[in-house]
Amino acid sequence: MNNTKPQYPYLPEGSEFKFVGADDVFMRAAEEISHESGCAKGLVGVVIVRNGVVVAAGAAGSMKKNERPAVCKRVLLGCKTGEGYENCPNCDTPGHAEQMAIKNAAANGVDTHGADVYMWGHWWCCKSCWD
């Protein structure tokens with residue numbers, strides 16, 4: 001078993017980051033959904049796009065914007081990326097915007113394979129979200 005932690009920013013072989021402007025229609029959609037976030041650390045929103053159409057969306061903190069705490073417990077505890085999510089009441093599974101968007105896609109029978117992900121508020125995905 002390999003216990004090596006991934007290096008961040010994580011990028012699986014054969015994958016790539018592309019940066020688009022804040023005025024991109026899909027980036028604006030990701031920004032809009034970020035305001036549904038329940039994360040005190042920052043607003044993160046994701047839209048999944050296939051064939052030029054938004055097929056799913058999600059926000060960090062399991063989209064509990066009305067329950068957003070004033071301070072992030074993970075920050076107070078000095079947690080690193082990918083650690084300490086059990087300390088946050090809004091980081092239930094899934095807690096990341098990418099995971100929430102994928103969960104929403106699956107709930108609606110939407111296949112996400114080959115789709116593009118537009119993310120607002122963060123510029124890379126952790127290993128578990130890529131997986």
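Modeller: One term before we start: a pocket here is an open set of grid points with protein on both sides within 12 Å along at least five of seven lines, and its lining residues have an atom within 4 Å of a point. Keep in mind that this is a predicted model.

Biologist: Fine. Which residues lie nearest the centre of the second largest pocket?

Modeller: Val-44, Arg-74, Tyr-85, His-96 and His-122 do, out of a lining of 20 residues. The space in that pocket comes to about 350 Å³.

Biologist: And how does that lining split by class?

Modeller: For the second largest pocket, 11 lining residues are nonpolar, six are polar and three are charged.

Biologist: What volume does the largest pocket have?

Modeller: About 940 Å³. Its lining has 30 residues, and those nearest the centre are Glu-16, Asp-116, Val-117, Tyr-118 and Trp-130.

Biologist: Which element gives the most to that lining?

Modeller: Strand S3, which contributes five residues. Strand S1 (45-50), helix H3 (97-107), strand S3 (116-120) and helix H4 (127-130) each provide at least two.

Biologist: Classes there too, please.

Modeller: The largest pocket's lining counts 19 nonpolar residues, six polar and five charged.

Biologist: You mentioned H4. Where is confidence lowest, and where is it highest?

Modeller: H4 has the lowest confidence, with a mean pLDDT of 77, while helix H1 (residues 25-34) has the highest, at 96. Across the protein chain the average is 83, and 87% of the residues score at least 70.

Biologist: What should I do with low-scoring parts?

Modeller: Where pLDDT is low, the predicted coordinates should not be read in detail.

Biologist: New topic. How many salt bridges does a search of the whole structure find?

Modeller: One. Asp-111 pairs with Arg-50, and their closest N and O atoms are 3.9 Å apart. The two come from distant parts of the chain, 61 residues apart: Asp-111 sits in the loop between H3 and S3, and Arg-50 in strand S1.

Biologist: Last one: Gly-95, buried or exposed?

Modeller: Buried, because its relative accessibility is 10% and the cut-off is under 20%. Gly-95 is in the loop between helix H2 (73-76) and H3. Its C-alpha is 5.6 Å from that of Ala-60, although the two residues are 35 apart in sequence.

Technical notes: Residues numbered from 1 in each chain as written. Predicted model: local features only at pLDDT ≥ 70, side-chain atom pairs only at ≥ 80, totals over all residues. Heavy atoms only, no water. 1 Å grid on protein atoms, 1.4 Å probe; cavity = no way out; pocket = protein on both sides within 12 Å on 5 of 7 lines; lining within 4 Å. Points joined across faces, edges and corners; volume = space filled by probe spheres on them. Helix = DSSP H or I, 4+ residues; strand = E, 2+ residues; numbered from the N terminus. Nonpolar A, V, L, I, M, F, W, Y, C, P; charged D, E, K, R; others polar. pLDDT = per-residue confidence, 0-100. Salt bridge = Lys/Arg side-chain N within 4 Å of Asp/Glu carboxyl O. Buried < 20%, exposed > 50% of the residue type's maximum accessible area, 1.4 Å probe, protein only.
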